[in-house]
Structures are given as C-alpha cells and as structure tokens.
Protein chains: 2
Amino acid sequence: MGIVPQVRHPGLVDQLVEHVFDAVISGKLKHGSELTEEKIATDFGVSRTPVREAVRRLAEMGVLVVRPRCGLEVASFDADDLEQIAVLRAALECLSLRLAMARITDDEILALSHAADLCDAKLKNKDRVEVFRADSRFHLLLSEFSGNKHLADTLRRLDVKVQLCRMVFCASMKKIKSSVQCHRPLLEAIRNRDARRAERLLREHILQSVQVFEPSVSSRT
Amino acid sequence: MGIVPQVRHPGLVDQLVEHVFDAVISGKLKHGSELTEEKIATDFGVSRTPVREAVRRLAEMGVLVVRPRCGLEVASFDADDLEQIAVLRAALECLSLRLAMARITDDEILALSHAADLCDAKLKNKDRVEVFRADSRFHLLLSEFSGNKHLADTLRRLDVKVQLCRMVFCASMKKIKSSVQCHRPLLEAIRNRDARRAERLLREHILQSVQVFEPSVSSRT
DNA sequence: GCTAACACAATTGTATACAATCGGCATGCA
DNA sequence: TGCATGCCGATTGTATACAATTGTGTTAGC
C-alpha cells in the first residue's frame with residue numbers, strides 16, 4: 001500500500017520511487033543526505049534512465065531537491081514548513097470531513113474504525129514508522145469519503161510532506177500516542193453524525209500535531 | 001578567450017512542458033486529442049528522452065493522461081470535476097485570503113490592483129485565453145501574499161486544472177466579463193482591511209464561476 | 001602569499017538502439 | 001458464421017553512449 005497507485009506491471013520507475021521514499025520515511029536516508037542519479041542506479045542495479053524519471057517524480061513530490069550539477073539532496077523541513085503544512089492540512093481535512101459527513105455510509109465508518117484499530121496496534125509495537133503510516137492511512141481514507149477526488153488527491157500530495165516532516169521532527173512515543181488517541185473521540189462524533197463536534201476535534205487534532213513535534217527540533221540552517 | 005556565455009540553459013524538458021501546456025490552454029490541442037511521445041518528439045525536433053520526461057510532468061499536473069501502450073490523451077474534465085475543483089479552490093483561496101489580510105502590505109495591494117487592471121485590459125481585447133491567464137495571475141498573486149508557501153504551491157497546482165477546465169467549458173464573453181469584474185469590489189474590501197467582506201466576496205466569486213460555465217455544456221446527466 | 005585562470009572530473013542532459021508488452025486483425029477451426 | 005488464437009505493428013520501457021555544463025583543485029604569475 002504505497003505512494004504509487006495500482007499498476008499492472010510495476011515498472012522500475014515505480015519501484016524506485018517506492019524504494020527511495022521508503023528509505024527516507026523509514027530513516028535509512030536522512031534529510032540532508034546527498035545522492036546522485038548514478039549512485040541510486042548502481043545501488044538498485046538498473047540504468048540511469050528509470051532512475052532519472054523516478055528522481056524527477058520524487059522531486060515533484062518534494063522528497064528530493066535537485067541541485068543542477070551538484071547532485072541530489074533529501075529534502076528537509078523547518079519549523080515554518082511544519083506549521084504552514086499543519087494550517088493547510090487543517091483547512092483541507094476539515095473541508096473533507098464536512099463533505100464526508102453529508103454522505104458517509106456505515107460501512108465507510110467501519111472502515112475508518114478499522115484504520116484506527118490499526119493505528120493502535122502499531123502503537124503497541126512501538127514502531128514509529130508503522131504508526132505514522134497507519135495514521136496517514138486513516139486520514140487519507142477519510143479524504144476518500146469526501147467524494148471530492150481532487151481534494152483527496154491534494155491531500156495525498158500533502159501527506160507525503162507530512163510524512164517527511166515526521167521524520168525530520170522525531171516526536172516522543174508518548175506524544176505520538178496522545179495524538180493517535182484523538183482518533184477515537186473523532187470517530188465517535190462521526191458515528192453520532194455530529195458534524196460540528198467532529199470538525200472541531202479534527203482541527204484541534206491536526207493543529208496540535210505541530211506541538212507534538214516542536215520540542216525535539218534540532219533543525220539545521 | 002571570449003566571454004563565457006553563462007547561459008542558463010532552459011532545458012528542453014521545460015520548453016516542452018511549456019509548449020504542450022500552452023497548446024492545450026490556447027485551444028490548439030483540444031481535450032481528448034490523442035498523442036504519442038514519438039509524435040511530440042518529431043514535431044519539436046528532439047529525441048524521445050526529454051519528451052518522455054515532459055510527458056510525465058504533464059501527466060503529474062493532470063494535463064495529459066498516459067494510457068500504457070495506447071498513446072497519450074489530453075485530459076478532459078466533466079461537470080463534477082468543475083464543481084469539485086471550485087469547492088476546493090474556494091476553501092484554499094479563502095484560507096489564503098484570511099492569512100494574507102493579516103499581513104498584506106500596501107505595495108502588495110497595489111500589485112494586486114495592477115493584476116486586476118491587466119485582466120480588464122485583456123478583457124477589452126476580447127481574448128479569452130489572455131483574460132484567463134491574467135485572472136490566474138491575479139489569484140496566484142493573492143496566494144503568494146498569504147505567506148504560506150505550501151498553500152501557494154497547492155494553489156498553483158490547482159490553477160493548472162482550473163485553466164484546463166476553462167478550455168473544456170468555454171464560457172461566453174459576457175459571463176467572463178461579469179466574473180472578472182468581481183475583482184474590483186474584492187480589492188476594495190482588501191484595501192479597507194475588511195477581512196470578512198473580502199472573504200465572502202472571494203468565496204462567491206469562485207463558487208459562481210461554476211455557473212459561468214455550466215450553461216454552455218449539455219453533458220450534465 | 002594571494003589571486004586568477006585553466007584543466008579536469010563529476011554530474012546531469014540528450015540521443016539512439018533495442019527489448020518488452022499489448023491491442024488489433026487476420027486466419028483457421030468448429 | 002462465430003469464436004478462439006496467434007502473429008504483427010505500434011508504443012512504451014530500459015540500457016548505453018556521448019555531449020554539455022559546472023564546481024573544484026592546481027598551478028602559474030604577480
């Protein structure tokens with residue numbers, strides 16, 4: 001369940017995109033790391049052609065920064081980015097929720113509930129990366145239920161940056177837990193079809209996520 | 001030795017992206033048209049390599065749709081897309097405006113005013129494409145003044161789709177005029193630092209744009 | 001000792017060649 | 001005649017080779 005949509009025969013490009021992105025959000029490639037197309041190509045055992053395409057896609061996503069004739073760099077984020085992204089996310093997800101509340105089915109609420117369960121399960125394993133992945137899945141699922149595919153697409157793109165931020169600003173397990181636990185009351189409000197309460201909870205959940213990360217910052221200039 | 005050129009090579013890829021996008025939003029390439037990488041390459045007199053990269057970028061932008069082994073297609077939009085994009089745009093631009101109202105300078109308001117002037121000027125020439133371009137510029141300028149670069153980036157992406165929609169749903173000059181004229185009262189509200197009024201005007205302006213196009217389409221099921 | 005120019009190397013940009021995949025069409029069989 | 005099947009052409013996917021640009025180190029000159 002990756003970033004790349006379903007493909008019949010996953011080409012090398014898609015595999016490369018997945019691979020590099022995974023390496024970044026799992027911490028194997030730290031922000032600020034330097035790369036070259038050549039290096040990725042030899043590491044993966046393919047030619048530069050598909051690598052090049054993958055690199056461009058990753059740059060478009062905001063995962064890599066291309067510096068002409070100076071190699072590539074894994075993107076980094078500062079506190080401003082973190083806050084700006086949260087504000088944007090809050091607006092988009094709240095819109096998504098408002099739209100969803102008018103049309104969400106019981107089955108869809110059940111699916112959300114399962115996504116929340118998964119978050120809890122991953123939390124028990126104390127695996128940050130997996131918790132983040134599950135959390136993203138929960139939020140993206142909600143965006144699907146808005147019925148607005150352009151909104152869902154926009155949130156998918158934004159989620160990539162959110163995941164990157166999470167790697168840059170590594171939060172304590174305790175804070176992650178308290179953040180993930182916000183899903184429960186939110187789900188309860190959705191089940192009760194209480195749109196106003198649900199929206200308020202979601203907005204607070206997202207804006208608070210900035211506070212979750214802030215303390216452990218060790219940003220580079 | 002002579003003077004070192006210092007030419008910032010624009011890159012064939014960028015030129016190709018510009019070229020194809022321009023062809024689409026100027027109507028030279030209609031939505032639904034079929035293409036191949038090869039065709040673009042020979043038309044432009046370059047190899048398939050840069051074309052391929054350009055095509056992928058255009059696909060990412062939503063301008064082209066790649067159909068594996070069946071060529072490319074210029075993206076099309078239906079009435080649902082139009083409405084969904086408008087809803088999304090309204091939310092994002094209103095957020096942008098709220099943020100901007102708290103920090104916009106007199107110089108920036110002047111710049112907005114000039115952008116609005118340009119819209120009027122292009123309107124006098126009755127050149128649809130140029131009016132649309134100027135209108136986009138006005139709205140994107142406002143997004144820049146929000147101070148949130150991720151928001152501005154998101155709106156830039158969305159604007160591509162907006163421009164494409166405008167080509168699919170070609171509106172009457174009269175309707176375009178009435179839409180563009182909404183900029184004046186909006187600017188006046190911004191000048192008066194009346195955030196609430198400005199936001200209301202902007203929201204109405206954007207949501208009405210759906211109505212601007214609707215009549216000229218008969219594909220509504 | 002410092003500066004400036006030059007050459008080299010690293011990296012990306014582009015072209016060309018070839019392989020793989022899939023849709024369509026014709027053909028053969030029932 | 002209808003359907004299945006296999007071949008062919010069109011298109012994309014990948015590899016390799018080469019050109020162009022630029023950062024950097026070294027050296028020559030002052």
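Student: Which helices each supply at least two residues of the surface near DNA strand D?

Tutor: In this predicted model, 20 residues surround DNA strand D, the closest being A:G11, A:L12, A:V46, A:S47 and A:T49. The helices that each supply at least two residues of this surface come from both chains, namely helix 1 (12-25) and helix 3 (48-61) of chain A together with helix 2 (37-44) of chain B.

Student: Which helix gives the most to the surface near DNA strand D?

Tutor: By class, the surface near DNA strand D has seven nonpolar, seven polar and six charged residues. With three residues, the element that gives the most to this surface is helix 3 of chain A.

Student: Where does the largest share of the surface near DNA strand C come from?

Tutor: Of the 21 residues around DNA strand C, those that come nearest are A:E37, B:L12, B:V46, B:S47 and B:T49. Two or more residues of the surface are given by helix 2 (37-44) of chain A and by helix 1 (12-25) and helix 3 of chain B. The residues of this surface divide into eight nonpolar, seven polar and six charged. Its largest share, three residues, comes from helix 3 of chain B.

Student: Which element provides the largest share of the side of chain B that touches chain A?

Tutor: The contact takes 16 residues from chain B and 16 residues from chain A. On the side of chain B, the elements that give two or more residues are helix 3 (48-61), helix 4 (79-101) and helix 7 (149-168). The largest share, seven residues, comes from helix 4 of chain B.

Terms used: Residues numbered from 1 in each chain as written. Chains lettered and ligands numbered in written order. Predicted model: local features only at pLDDT ≥ 70, side-chain atom pairs only at ≥ 80, totals over all residues. Contact = placed C-beta atoms within 7 Å. Helix = DSSP H or I, 4+ residues; strand = E, 2+ residues; numbered from the N terminus. Near = placed C-beta within 6 Å. Nonpolar A, V, L, I, M, F, W, Y, C, P; charged D, E, K, R; others polar.
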